[in-house]
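Reader: Can you show me the model and take me through the contact between the chains?

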Amino acid sequence: MSELANTDPEGIDGVRMTWNAWPRTKVEASKCVVPLAANISLIRSHPDIPRLPYAPLRCKTCSSILNPFSRFDFNAKIWICPFCYQRNHFPPHYSAISETNVPGELYPQYTTVEYVLPLSSNPNSFGNPNLDPAQQLQPSPVFVFLLDTCMIEEEMEFVKSALRQAIGLLPDNALVGFISFGSQVQVHELGFSDMSKVYVFRGSKEIAKEKVLEQLGLGGSGRRQAGAYQSGLKGGFPPSGVTRFLLPASDCEYTLNLLLDELQTDQWPVPPASRPARCTGVALSVAAGLLGACVPGTGARIIALVGGPCTEGPGSIVSKDLSDPVRSHKDLDKDATPYFKKAVKFYEGLAKQLVSQGHVLDLFASALDQVGVAEMKVAVERTGGLVVLAESFGHSVFKDSFKRVFEDGEQSLGLCFNGTLEINCSKEIKIQGIIGPCTSLEKKGPSVADTVIGEGNTTAWKMCGLDKSTCLTVMFDLSSSDRSNNPGTINPQFYLQFLTSYQGPDGQLALRVTTVTRRWVDSPANSEELIQGFDQETAAVVMARYVSLKMEMEEAFDATRWLDRHLIRLCSKFGDYRKDDPSSFTLNPSFSLFPQFMFNLRRSQFVQVFNNSPDETAYFRMLLNRENISNAAVMIQPSLISYSFNSLPAPALLDVSSIAADKILLLDSYVSIVIFHGMTIAQWRNLGYQNQPEHQAFAQLLQAPRDDAQIIIRDRFPVPRLVVCDQHGSQARFLLAKLNPSATYSNAHEMAAGSDVIFTDDVSLQVFFEHLQKLAVQS
Amino acid sequence: MAAPVPPGASRPGDNTSPPAPNYNPNFRGFPDSLADNMQNLNLNRPPMTSNLAARPPPFGQSPAFPSSSPSPGIPGPSPPFSRPGPPPVAQLRPSVPGYGPPSSTLPLNFVPGRPTGPPTSQPMFLGSRPRPSTLLSSTGSPAAPTSGGPYPGSSLPTHPIGPPLLTPGAHPNTLTSTPLSAPQVMPPSGSSGNVMSNGPPVFSSGALSARPQFPPINSASQPPVGPNVVRTPPGPALQSQLPSSGAPQGTMPPLGSPFGVPSWRMQPQQVAPPPVPGPTQTSQMFGMPPPLPNQSMTTTISPAVGQTGAPMAGPSKIDPNQIPRPTPSSSVILHETRQGNQATIPPPATSDYIVRDTGNCSPRYMRCTINQIPFSADLLVTSGMQLALLVQPLALPHPSEEPIQVVDFGESGPVRCSRCKAYINPFMKFVDQGRRFICNFCGFTDETPRDYHCNLGPDGRRRDADERPELCRGTVEFVATKEFMVREPMPAAYFFLIDVSMNAVQTGATAAACSAISQVITDLPEGPRTMVGVATFDSTIHFYNLKRALQQPLMLIVPDVQDVYTPLETDVIVPLAECRQHLELLLESIPSMFHNNMTSESAFGAAIEAAFLAMKGSGGKLLVFQSVLPSLGIGALSAREAEGRTNTSAGEKEAHKLLQPADKAFKEMAIEFAEYQVCVDVFLTTQTYVDIASISVIPRTTGGQVYYYYPFSALSDTAKLYNDLRWNITRPQGFEAVMRVRCSQGIQVQEYYGNFCKRIPTDVDLAGIDCDKTFMVTLKHDDKLQDGSECAFQCALLYTTLFGQRRIRVITLSLPVTSMLSNLFRAADLDTQFCCFLKQAASEIPSKPLLQVREQVTNLCINALFSYRKFCATVSSSGQLILPEALKLLPLYTLALSKSIGLRNEGRIDERSFWINYVSSLSTPLAIPLVYPRMVAIHDLDSKEDHNSVIPSFLPLSSEHISNEGIYLLENGHDCSIYIGDSVSSDILQRLFGVATVDEIPTPFVLQQFDNPLSKKLNEVVNEIRQQRCSYLRLKLCKKGDPSGMSFFSYMVEDKSTGGFSYVEFLIHVHRQIQHKMTA
């Protein structure tokens, strides 16, 4: 990672903004077409970030934290907050401060620092006071496995073996719970030694949290209710809950393995032509209730392994009748989905509960049909959970991803808990909201914008789960009061401060403070500065996230038109052209890639949803919303690398013309990686040349894309699907679908030999550009 | 199923006993005599007084009787006391009262006197009875003759005399004599003469009906004995009989009627034959000398009083030793249900009898309160008696009885009347060369199915009638065809539901239940059709997956007790063969698993609902072990007993409300259970109030029953729990049953009483039915019947056997119709009538103030006696209390009933609820002892001669008979109390209890056997009783001067108590009421 860091456009701060220089007025900002937004990788690791073992200083009025952009009077021992201009005295322990002796957080290059608080002084003590001090220092991660049993034996075996492996990988102090479900929910009491013991909840009835507690025998002791995640475990819960249902992995590994051995698929009879009764919704409620009772406020994950759609009780997405198909995008459009809204509402409620408890829902769905990811998305996303969608529990997409969750070391996901994000910003700036895996904490303040995008109405957000790749998009607006009248009195810089507190995988609490500053662009005249500050990649991702959100939130929203209109407006504003002369159109290099991103976005699974199920769409969007800019950009516009004898591997145009008989192509579209052998290569390979010593070069050529694919796969979660295919093979569609159809059956005659055509009526990039130019220059 | 022999119950095998008839004679004699005595006493005879005194003597004299009998009365005077001793004999109480039989016979003999007889002459009766014997031959002859054989006369005849009083002493004989006092008048005293013939005569009478089973021997022995040892003598007789009966019982109590009252039989039979004579016979009266008792003073009865009074003067009271008491008979009676194409009068329900089904069903299965049917509603009303059937369709037969025959009609199913659907039976009349038959219920003429056709013989009967059970037997079983099934016959599924709440675990109830179940599993039928499941519950419900594939049982908890469900569709109830090991392991570990359970709540209602859901598919038996008040979830109850107590003012008024279910929740559940054929039995092992009134709704509606162990003691109740459970599971039983009773035109069923669910007016649904369950079916006229015709009743029970066969048991009874009131009285069945009283009273307790119920009961008694007095005994003087022989014990039983647990003001609500519930399905043979328990002295068991009867003779339930030096055992078929006086010799204590003083006896009392004859004998006695009752009686130790001692005395129904009259006072009360009515 470290060598990459140098070339990392995100730098130490992990902040990338659509515009790096902002116009001063709301009006001007709206003319910029692409919204003002910042993408922040909350806890990306970076070797240069200092870790400060003491508590930060806060401004006494706005609570922002002391940072290098503050102004200081070392003599008076005073610092002036850059956000509110409040003068704050340094406390006594800063008395030694001087120009030559400043604490870490004031070094100019340390715009991002991490305060690591000693646990003992941590106000959010997560430890269980009933445990011995050693354990208290080291809060245990909690995992509740939620296993669907309505599946065929074969799948059951796959998932069991994955579970066994996972259990083996758990740290010894991790607390583990186990719930299985089918027609009913079975909560396994792992701490009961006499025999296997399970609590059974019916699947057809919604169960309130209090009921769950009461029925698990955890109620009655005045346990604190939802919303108490902050105060955590102060009251001290009876050990019964923890010791009965959640056991240290070291204590229950044997029990769990035994239990998995005995676990059968759901035994309730399934009438012919019916789906099995599966009560995913109730199972999730019960799991949430269990965690809420046992470990409120402590980092805990519900790991749901789901093998089919919920058909029973709340959260159902489809009827049990097999002749009744699972909803499609078409049904959603026509509002012909009797279950959808109710289910979403249910999962929203669940999300609320989980968030209030500080717990995460991870969803591992493996089925050929949909399982309801679209409905459950809200619960996963708001809690910052992981999601993996695969076709089978035996598929590597599931197996390897699942394993990754529990692995230590380089490839580990760095799963953190209980994150909160606070944003401080200069007072001209308003926050509209965040698109990404988090929940608004509804903390109102002067910086809250009137309009809301995503999780808004707040300056603080909760992320029950977050990991090193989590990247949120913050949408900004400017104060509508027009201050440009007296620019002289105003600071030419504006500031943003992101405060992320979280509990690390080791239980350590940390507060990361990132303070960034950017320039105001005082007048439209100064548009060069504006243009230079445009980040095309970030803009593309923000547009993708924004348009996805709008597609979900707004009925009858025409995404393609919306994108086109924005693109045209952008080109009109920033392009260089003579009116009504398309041929005169040129774009500044700062914008030159943007239209292609938009072209690919228009064609992507995010906008062209009809080729996918609502589950897949939801899945892709969740990935889009949580990944960093470069990964997200790959989702929008896959990368293509070409391998051949005559040259080093080189990026190739994402165009059908890149296909050649003697090349190997490696396509990375994030969720899948395609190794595509040209015809000749495939023939050679089939003839076994790579096995002949004299053709080692060929063997190396074959191997190179594989190695590169493995490098990509290694760092990615969920693990992408690896497709190895040959030109004209059926699997080649995974590549062709992503390529620009510059060659179709209509112009096949123009193509060079060995190349390929795509059978489509979609417009090609060239056509798209022609139209764009024409429209952009229209007066 | 046809003749399932209860596991436990092996009857004596002595079928042979039949011959014995003689025995009884003695006893029966008593009854009569008693009655007579009574009469004498009061009434006319100044001598009466003397009589009183005399009576006792009679016994002693008894030996002499035979001849002396006449004198008896006189002699009597001397040995009044004999009582003490006599009681033993008395045990037989049963029906002792000797029915009409005597009378019947009497009539003939006495005719002269008799006719009028009823009136004063009663004494005559006495005398007469014996006569009867002789007569029998003559009169009774018809029927009797056959049986007559018995006479052999050997012995018993004496008894016939059966001076009621005497009963105590077995020597009825003497009594008879006594009674004679009256007799005096009558030459009849001669009756005593019978005595001589003693054996014979009596028997004869008895014989008629019952074959003298014990014939010679008894007679032989008895005569001598009787005389000598007043009581003892009887004993012998009894014993002899008992043995036979006892033997059978030994195996099992099946018979139920431990008291073999030989005497009865006699009567019954007699009755049958001589229906006509009725009037005369009937009259057995006591003369209650009003004057006697001081009280009389007050009464207006004066005239009579005067007379008797004078004599009585000395005593100034009715001699308690002379008043009617049950006289046990010990011999086995042989009973043919029909003779000479006439219905015979069955032996008393409490007697030991062997039935030969000659057309009418065995009285075990169905019996009527009156063995002749009044031709009109008016006549019935006039009689003051009830008309009802008591049906016990799966009653245990005597082992010596022929098994019920199973008839398979193949695919067409049993032949039935096409209009009323009555089943073919011996009383359907074939006409037109057998091509058609006339239904004896609706009168419709049906075509005979072609392949069932058979020509008629010269007698008008089908030629094949004797080969076809359905044409010659009152009880047959038909193989049910598909038409009778809505699904495959259900498997035998047993689901055990065990309370493991803190209280249950700590009192040992859970362990007791688990161990009982564990043992009982081995008694379950083998095979794939036997399914078993187990669940436990406290505030949640715990099911167990017992499937073999699993390495260990899996516990599945259903925590939602407001809205329950079953945690598995399969595997909660699995074939026994597949889970035996798991089950045993599980039952072993349950008590320890919940050892530290701190949950005190109990979700009883939810648990049974959940178990029901698990069983819904198949149906079956749900056996619930519950220890505390259901406090949680569905059907949660409040401790309303306590609430009632705190709010006494309202409580007093609404006291009976506590005996009603708290709400409808259980009722609704129960109806659903019944619909899905789930039969629930509840075992309450508790130490607190559990609201039986509410809980019992479920067992009652589903054909189950409640078992109540209060206060539960792991030490003493574990064995009982096991035995109850074992009997529950191993007794003959059926599932998914439907029962209907049909009656001939003119009579219809008014109402059914018992444990069942009723959805349509004509049928009762029984999720479970077993050999102990009895139903009362009240009848009403909807038209006049034809005098001289017969009226038939048919009970059809469709059920599935344990082995999955679908059967229809058809029980048919055809009785003569009469227009003569006297016939009704002669044919009255005391036990059955009283059982009706009991059940009706029990059913009314929850909805009426107690006082009202008690009054009602008393009025029922008075009305019947008044009717008899007014219409059948007109001749007697108004100063006499005259009781129909058949009903002479009615006042005693009525008094006992009004003092019984259910009708007492005091006592815990649960105890009364349980009593009410227990009574609702109680069989007649057990109903009598429940109200009038039998008491025996056990401190001197070893000193008594063993007369083949294990159980010594009974003592009257009067504290006079309890001495401080004695130890007594009292049992009512359900509980057993052992009372220890405060001056019992330590030697006896040492021998019986292994301790030197009363105080050292450990409080949860467990009967042990020590190595000495007395202790062995006691154990034998207790075991014998258990077998007779089919119940492992709950033993309770009562000590004088202790609250337990007080509770013992509450059984002394003949004593005056805060709750009511003494027996003597009650007779006077009844008498007064009757007189009052007469004059009104």
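Author: What follows is about the interface of chain A and chain B in a predicted model. Residues are numbered from 1 along each chain as its sequence is written, and chains are lettered from A in the order in which they are written. Local features need pLDDT of at least 70, side-chain atom pairs count only at pLDDT 80 or more, and totals for interfaces use all residues.

Reader: How many residues are in contact?

Author: 21 residues of chain A and 27 of chain B, where contact means heavy atoms within 4.5 Å.

Reader: And what area do they bury between them?

Author: About 2200 Å², with 55% of it on carbon and sulfur atoms. Buried area is the accessible area (1.4 Å probe) that two parts lose on being put together, summed over both. Of the area that chain A buries against chain B, 27% comes from Met195(A), Arg202(A) and Glu262(A), more than from any other three residues.

Reader: Salt bridges next. How many between chain A and chain B?

Author: The count is 3, taking a side-chain nitrogen of Lys or Arg within 4 Å of a carboxyl oxygen of Asp or Glu. One of them joins Lys205(A) to Asp560(B), at 2.9 Å from N to O.

Reader: Which strand of chain B does β12(A) pair with?

Author: Strand β16(B), residues 554–558, in the parallel sense over 4 bridges. Strands here are DSSP runs (E, at least two residues), numbered from the N terminus, and two of them pair if DSSP finds at least two bridges between them.

Reader: What is the bridge partner of Val198(A) there?

Author: Leu556(B), in β16(B).

How values were computed: Side-chain values use heavy atoms; hydrogens and water are left out.
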